[in-house]
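Q: Please take a close look at one part of this protein, the annotated domain, and walk me through the side-chain pairs and the overall fold that go with it.

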Amino acid sequence: MDVTEKIGDLATDAGIRVAAAESLTGGQVCTALGATPGASEWFAGGVVAYTIETKNLVLGVPTDIDPCSAECARTMAAGVRDALEVDAAVATTGIGGPDPQDGHAPGTVFIGWARGPHAGAREFSFEGDDPEQIVEATTQAALGILAEIVEGLPDDEER
């Protein structure tokens with residue numbers, strides 16, 4: 001069973017709905033979730049918010065925040081959770097490369113999560129020769145985190 005099927009089974013068993021907010025991954029997380037059999041029962045949808053202005057307008061991320069930060073990822077996850085009225089959400093933001101941006105190395109990634117009133121974020125440093133590799137690694141990590149939070153609150157919970 002792949003991770004999206006696991007998410008689907010866990011969400012169905014728990015009677016919850018999930019969503020995603022994406023920047024770096026540009027819709028890849030939602031594509032994977034939406035292609036899962038039975039997704040209409042537990043996947044509410046997602047928001048691709050690539051610019052800080054879109055993150056602000058749609059997800060409530062302050063315009064003065066670093067878009068490559070734990071705070072941004074956490075706020076994005078909570079924002080999509082609230083906007084789509086779901087139980088669990090994941091968010092991706094970071095630098096795909098190939099060049100550094102705003103002082104962050106390519107592969108610097110933050111994945112945010114929200115479950116109920118709780119939220120958190122994790123930092124990753126992915127290696128890769130091109131943005132496609134970093135986007136793929138980020139997508140897989142985000143799906144893994146979503147599976148964890150559908151199952152229960154992770155250890156990096158913030159209250």
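A: UniProt positions are given here in the numbering used for this chain, and such annotations may be inferred rather than shown by experiment. With that caution, the UniProt record, an unreviewed entry, places the feature "domain: CinA C-terminal" at residues 3-148. The model examined here is a predicted one. Across residues 3-148 the end C-alpha atoms lie 10 Å apart, and the span is 40% helix and 23% strand.

The side chains of R122 and E148 meet in a salt bridge, with 2.8 Å from N to O. This pair links distant parts of the chain, since R122 sits in strand β5 (residues 118-125) and E148 in helix α5 (residues 131-151), 26 residues apart. R122 counts as partly exposed at 21% relative accessibility, a value that falls in the range between the 20% limit for buried and the 50% limit for exposed. E148 is likewise partly exposed, with a relative accessible area of 37%. Side chains of opposite charge can pair when their charged atoms come close. The count of salt bridges comes to two, and the other one joins the side chains of R81 and D82 at 2.9 Å, N to O. In that pair R81 is buried, with a relative accessible area of 12%.

Aromatic side chains also form pairs, and a search of the whole structure finds two of them. The rings of W42 and F43 have their centres 6.3 Å apart and their planes at 50 degrees, so this pair is tilted; both W42 and F43 are buried. The rings of F124 and F126, by contrast, have centres 5.2 Å apart and planes at 10 degrees, so they are stacked. Here F124 is partly exposed, with a relative accessible area of 23%, whereas F126 is buried at 17%.

To set these pairs in the fold, the protein chain has five helices and five strands, which follow the pattern α-β-α-β-α-α-β-β-β-α when read along the sequence. The radius of gyration of the protein chain is 14 Å, close to the 15 Å that the globule rule gives for 159 residues, so the chain is as compact as a globular protein of that length. Among contacts between residues at least 6 apart in sequence, 64% join residues at least 24 apart. Buried residues make up 48% of the 159 residues, and the protein chain exposes about 7,400 Å², of which carbon and sulfur atoms supply 46%.

Definitions and conventions: Residues numbered from 1 in each chain as written. Predicted model: local features only at pLDDT ≥ 70, side-chain atom pairs only at ≥ 80, totals over all residues. Heavy atoms only, no water. Phe/Tyr/Trp six-rings, centres within 6.5 Å; stacked < 30°, edge-to-face > 60°. Buried < 20%, exposed > 50% of the residue type's maximum accessible area, 1.4 Å probe, protein only. Salt bridge = Lys/Arg side-chain N within 4 Å of Asp/Glu carboxyl O. Helix = DSSP H or I, 4+ residues; strand = E, 2+ residues; numbered from the N terminus. Rg over C-alpha atoms; globule rule 2.2 N^0.38 Å. Contact = heavy atoms within 4.5 Å. Areas by Shrake-Rupley, 256 points an atom, 1.4 Å probe, with all protein chains shown as cover.
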